[in-house]
Each structure stands twice: as structure tokens, then as C-alpha cells.
Amino acid sequence: MKPGNFDSSFDRVFVNEGGFTDVRGDRGNWTSGKVGEGELKGTKYGISAMTYPDLDIKNLTIYEAKAIYRRDWWDSLNMELLPHAMQYQMFDAALNHGMRPATKMLQNAAGVKADGSIGPVTRATVANTDINDLLMRFLGERLIFMTNVSTWHIFGKGWARRIAHNLKLAAEDN
């Protein structure tokens with residue numbers, strides 16, 4: 001994958017973020033972000049009712065999802081400024097966990113203060129950190145984060161597979 005290639009990153013994310021689901025026990029499927037509260041609208045292409053409560057999730061098209069990913073995630077996090085091997089990894093983590101937690105994972109992996117905001121210190125440190133070290137620490141941070149989520153016992157196997165898949169992609173990218 002070339003630096004700044006949103007399309008390739010989107011295609012990779014799409015492998016993990018498939019069609020419509022409305023599992024009642026997944027807080028992301030509820031408009032309130034709390035199981036049993038609000039409206040059960042579900043998740044499609046990784047776009048959740050919790051994050052987009054006013055969106056018609058069930059009828060969302062792949063083209064609409066891609067535009068949302070580009071505008072609200074890729075561009076908002078300035079993915080183009082990250083080292084190319086980190087772009088997909090950060091994008092996937094932000095979509096899966098939220099931008100702030102993913103940013104803190106990146107900061108922890110780089111060894112800078114984890115304030116949840118990518119500023120000049122984070123960018124400079126990330127740019128000057130060995131990419132293999134950064135990738136391994138970042139994916140380790142993700143797995144630790146996932147195991148602390150209360151629904152790990154339900155979704156953990158799939159999440160662990162996601163990290164395994166991302167380790168393989170990291171090896172291709174660096």
C-alpha cells in the first residue's frame with residue numbers, strides 16, 4: 001500500500017466490516033450507545049448507530065459508508081501525515097475503538113504522553129520511531145485494550161483474529 005492510499009485502506013477495513021448486523025448485546029448497534037436504550041438500528045459496513053444515530057443504517061450504501069470513512073475518519077485524523085505502514089493500522093483502530101482511544105494507543109506505542117490528540121510532538125516521535133517497533137507496540141496496545149472491554153468474552157475471538165490479520169498486513173506494509 002502506498003502512503004496516503006485511502007482506497008486501499010478502505011478495502012482492507014471492509015474485509016473486517018461487513019454487512020448489516022443488529023446484535024442486541026452490542027452497544028454500538030443502539031443509538032444511545034447503551035444496550036437496551038434508544039433505538040436498535042444496528043451496524044453496517046462498520047458504521048454504527050451509536051456513532052451515527054440519525055443515519056438510516058440498514059439502507060446505507062457502500063458508497064455512502066466510504067464517503068463517511070473518508071470525511072469523518074481518514075481526513076479528520078490526517079492519516080496522510082502518518083508513516084505509510086501506520087496509516088491503515090491507525091485507520092482500522094480508530095474505526096474499531098474510536099479516534100481518541102486509537103490516538104492514545106499510538107501515543108503509548110510511540111512513548112509520548114497519551115492525551116488523545118495528535119500534535120507536533122506525537123507526529124515527530126512517530127516519524128522518528130522504528131516502524132517495526134511502532135507497529136508491534138501499537139498492535140499490542142490494541143490487543144490489551146480489547147481484552148479490557150467487557151464484551152471480550154463474546155467478541156474477543158473475532159477481535160483477536162482482526163489483530164492477527166493486521167499483523168500480517170503490517171509485515172506487508174513496512
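A residue counts as partly exposed when its relative accessible area lies between the buried range, under 20%, and the exposed range, over 50%. Keep that in mind as you explore this predicted model.

Stop 1: Select Phe10 and Phe14 in helix 1, which covers residues 6-16. They are four residues apart, so about one helical turn separates them. Now check how open each one is: Phe14 has a relative accessible area of 32%, so Phe14 is partly exposed. Phe10, at 4%, is buried.

**Stop 2: how the rings meet.** Rings can pair when their centres lie within 6.5 Å, and planes under 30 degrees apart count as stacked. By this rule there are ten aromatic pairs. Phe10 and Phe14 make a stacked pair, because their ring centres are 6.1 Å apart and their planes stand at 25°.

**Stop 3: a charge over a ring.** Next, select Arg12 and Tyr88. What sits over the ring of Tyr88? The charged end of Arg12 does, 5.3 Å from the ring's centre.

**Stop 4: over to helix 7.** Finally, pick Arg162 in helix 7, residues 152-173. Is Arg162 buried or exposed? Its relative accessibility is 7%, so Arg162 counts as buried. Show Val15 as well: Arg162 and Val15 are 147 residues apart in sequence, yet 9.6 Å apart in space from C-alpha to C-alpha. Leaving aside residues up to four places away in sequence, Arg162 touches Asn16, Glu17, Asp92, Asn96 and Arg142.

Note on methods: Residues numbered from 1 in each chain as written. Predicted model: local features only at pLDDT ≥ 70, side-chain atom pairs only at ≥ 80, totals over all residues. Heavy atoms only, no water. Phe/Tyr/Trp six-rings, centres within 6.5 Å; stacked < 30°, edge-to-face > 60°. Helix = DSSP H or I, 4+ residues; strand = E, 2+ residues; numbered from the N terminus. Buried < 20%, exposed > 50% of the residue type's maximum accessible area, 1.4 Å probe, protein only. Lys NZ or Arg CZ within 6 Å of the ring centre and 35° of its normal. Contact = heavy atoms within 4.5 Å.
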